[in-house]
Every structure is written in structure tokens, then in C-alpha cells.
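Morning, everyone. One structure today, and I'll keep it quick. Please have a look at it first.

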Amino acid sequence: MPPLRFDTGIEAQVTQYGLDPSVLVKAQAGDASAQEEVGHAYLLARDYDNAQRWLERSVKAGFPLAHYDLAHLYLAQSTEKSATLRAIALLLSAHKAGIAEASLMLGHLYRTGQRISPNPKQAFAFYRSAANRGLPEGAYRLGKCYLTGFGTQKNLPQAQFWLDKACALAVPNACMALKATREEDRAAPRTAP
């Protein structure tokens, strides 16, 4: 990719994608964080060719968030097995680096069986990781796993704990699920001590 120049073309890109010109300069100079930011902006704008170029540069430099973004791009662009395998490898790398969104996406892939064999225990493990890293949607998904016994044993107190966290963070449907667990808890027969 030829270096970007500050001519009318780049000014149009800056305006079109909301990119700060100083970020572009840093990205061109090899700053992996700036390369990810530029790639992410192109990804959001659905300019996949430019997104891929910038994200691949950032991945080569070892920036973990770029691994997640590039995996997202591969999954959005192609249903081919090779793209899926590359995406999963990138997501695993981002997960190991602590990117909660990568953990969540891996959980979704293993839960739904989209493009890979479903694996409830793996889905549960990735959702737990996303929840423990503070991701609200991870807390919701983990609560649902405990509620239904998906990938783990049913555990109503744990389901309520995680759904309560998700509800407090305004995750859609979390409060309704929490209310249902409390109603289920009240309806459960009690045994005498």
C-alpha cells in the first residue's frame, strides 16, 4: 500500500471516516495502535480492502486488538473454511492477550456452531472469560449458561449473580431473564430443614 499523502484524497478520507490526520501519520510511521485505529475506522465504514491492509500491518506488529478486528473482518467477508480458521486463530491470540470481545466472539461461535462444531463447554469457558474481564454481554451470556445448564451444570445462584451484573449494565434482556430466575426460585419447592 503506498503511503498516504495529505492531498485532497487523504483529506476526503479523514473527513469521510472521521480519522484524525495525526493518527494517519502515526499509522504510516509504523505505530501499531494507530494502524489498528485506521483499520477499525475503515472496517466500520465497510471499506474492507483498506481495513484489511491496515489491520494486517497492525497484526504483524503484534497489536492484540487488531487480531480481533481482522478476525471480525474475515468472518464478515467470507464463509470459506480457510477464512474461518484464520479468524479463529486471530481470536484465540486476542483472547490470550486479554481482549474480552474476542472471548465473547469465540463463545458465540462455539455456542451457535456457526462455521465450527458446536462445543458448549468451550462456549461456556469463553463466556466466563469475557464476563470476568468485565464485558457486560459476557456477564449476560454466562448467566444464561448457568440458567440453562449450557456447557456447565445449572446453577441458579450463579445465574442470578451474572444476570444481575448484566442487568445493572443495561444489557438488553438481562433484567427480564433475571426476573424469570427469581420467579423460578420462588416457585421451586422448599424442603424442610
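The chain has eleven helices and zero strands. From the N terminus on, the order is α-α-α-α-α-α-α-α-α-α-α. Helices here are DSSP runs of H or I with at least four residues, strands are runs of E with at least two, and both are numbered from the N terminus.

Some housekeeping. This is a predicted model: local features need pLDDT of at least 70, side-chain atom pairs count only at pLDDT 80 or more, and totals for chains, interfaces and linings use all residues. Residues are numbered from 1 along each chain as its sequence is written, and side-chain values use heavy atoms, with hydrogens and water left out.

Now the totals. Of the 193 residues in the chain, 42% are buried. Buried means under 20% relative accessible area, exposed means over 50%, and partly exposed is in between, with a 1.4 Å probe and protein chains only. Take contacts between residues at least 6 apart in sequence: 43% of them join residues at least 24 apart. A contact is heavy atoms within 4.5 Å.

Next, a helix pair. How do H3 and H4 pack? Helix H3 covers residues 32–44 and helix H4 covers residues 48–60. Their axes are 8 Å apart, at an angle of about 160°. Axes are lines fitted to C-alpha atoms over the stretch in contact, and angles run from 0 to 180 degrees between N-to-C directions. H3 and H4 are therefore roughly antiparallel, a label for angles over 145 degrees. The residues in contact include Val38, Tyr42 and Leu43 of H3, and Trp54 and Leu55 of H4.

On to the loops. Arg46 sits in the loop between H3 and H4. Arg46 is not a glycine, yet its phi is positive, about 60°. Is Arg46 buried or exposed? Exposed, because its relative accessibility is 63%.

Arg115 also has a positive phi without being a glycine, at about 75°. Arg115 lies in the loop between helix H7 (100–112) and helix H8 (120–132). With 35% relative accessibility, Arg115 counts as partly exposed.

Last stop, Gln160. Gln160 belongs to helix H10, residues 156–168. Gln160 counts as buried because its relative accessible area is 17%. What does the side chain of Gln160 reach? The backbone oxygen of Thr181, at 3.4 Å.

That's the tour. Over to you.

Note on methods: Polar contact = N/O pair within 3.5 Å; in protein donor to acceptor, adjacent residues only side chain to side chain. Parallel < 35°, antiparallel > 145°, perpendicular 65-115°, else oblique.
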